Amino acid sequence: ETYCTPKEAKEKAEPEDQASQGLGARNVHLAVSFVLGLLFCSVAPLLSIFAMLDLMLGRLIYGYLVIHAETPKPDLGGELWVSQVHFAELALGLYCILMI
C-alpha cells in the first residue's frame, strides 16, 4: 500500500534542508565518522572494523540517494572533498599533538 505517488513523494522530499540533509551535511558526517574511527582505533582496535562498516554502509546509502532519490546538484569541482581532507588533517594533527 502506497501513501503517495513517486511524483508526490519527490515534491515532498525536495528541496532538502541544507543544514541537516544537504550535500555539505553529508560530507561533514562522513568526515567526522572517518576521523573518529581513526582516533579511537588506537584505544580499541576492534572499533576500526565497526568504523569501516559504518563508512561502507554510508557509501551504499548515500550512493543510492545521490543517483536515484535526489535532484541533480551542480558539481563544485571538488571543494567539499578538499575541505574534508583539510578537516581530517587538522583533526589527526591535533590528535598527534595531544598524544605527545
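**Exercise 1.** State how much space lies in the largest pocket and describe its lining.

*Solution.* The space in the largest pocket is about 630 Å³. A pocket is, on a 1 Å grid over the protein atoms alone, an open set of points where a 1.4 Å probe fits, with protein on both sides within 12 Å along at least five of seven lines; lining residues have an atom within 4 Å of a point. There are 22 lining residues, and N27, L30, L80, W81 and Q84 lie nearest the centre. At least two residues of the lining come from each of α2, α3 and α4 (79-99).

The model is predicted: local features need pLDDT of at least 70, side-chain atom pairs count only at pLDDT 80 or more, and totals for chains, interfaces and linings use all residues. Residues are numbered from 1 along each chain as its sequence is written, and side-chain values use heavy atoms, without hydrogens and water.

**Exercise 2.** Determine how α2 and α3 are oriented to each other.

*Solution.* The axes (lines fitted to C-alpha atoms over the stretch in contact, with angles from 0 to 180 degrees between N-to-C directions) of α2 (residues 23-40) and α3 (residues 47-69) come within 9 Å and cross at roughly 165°. The two helices are therefore roughly antiparallel, a term for angles over 145 degrees.

**Exercise 3.** Determine how α2 and α4 are oriented to each other.

*Solution.* The axes of α2 and α4 lie 10 Å apart, at an angle of about 30°. α2 and α4 are therefore roughly parallel, the term for angles under 35 degrees.

Conventions: Helices (H or I, at least four residues) and strands (E, at least two) are DSSP runs, numbered from the N terminus. Angles under 35 degrees count as roughly parallel, over 145 as roughly antiparallel, 65 to 115 as roughly perpendicular and the rest as oblique. Grid points are joined across faces, edges and corners, and a volume is the space filled by probe spheres set on the points.
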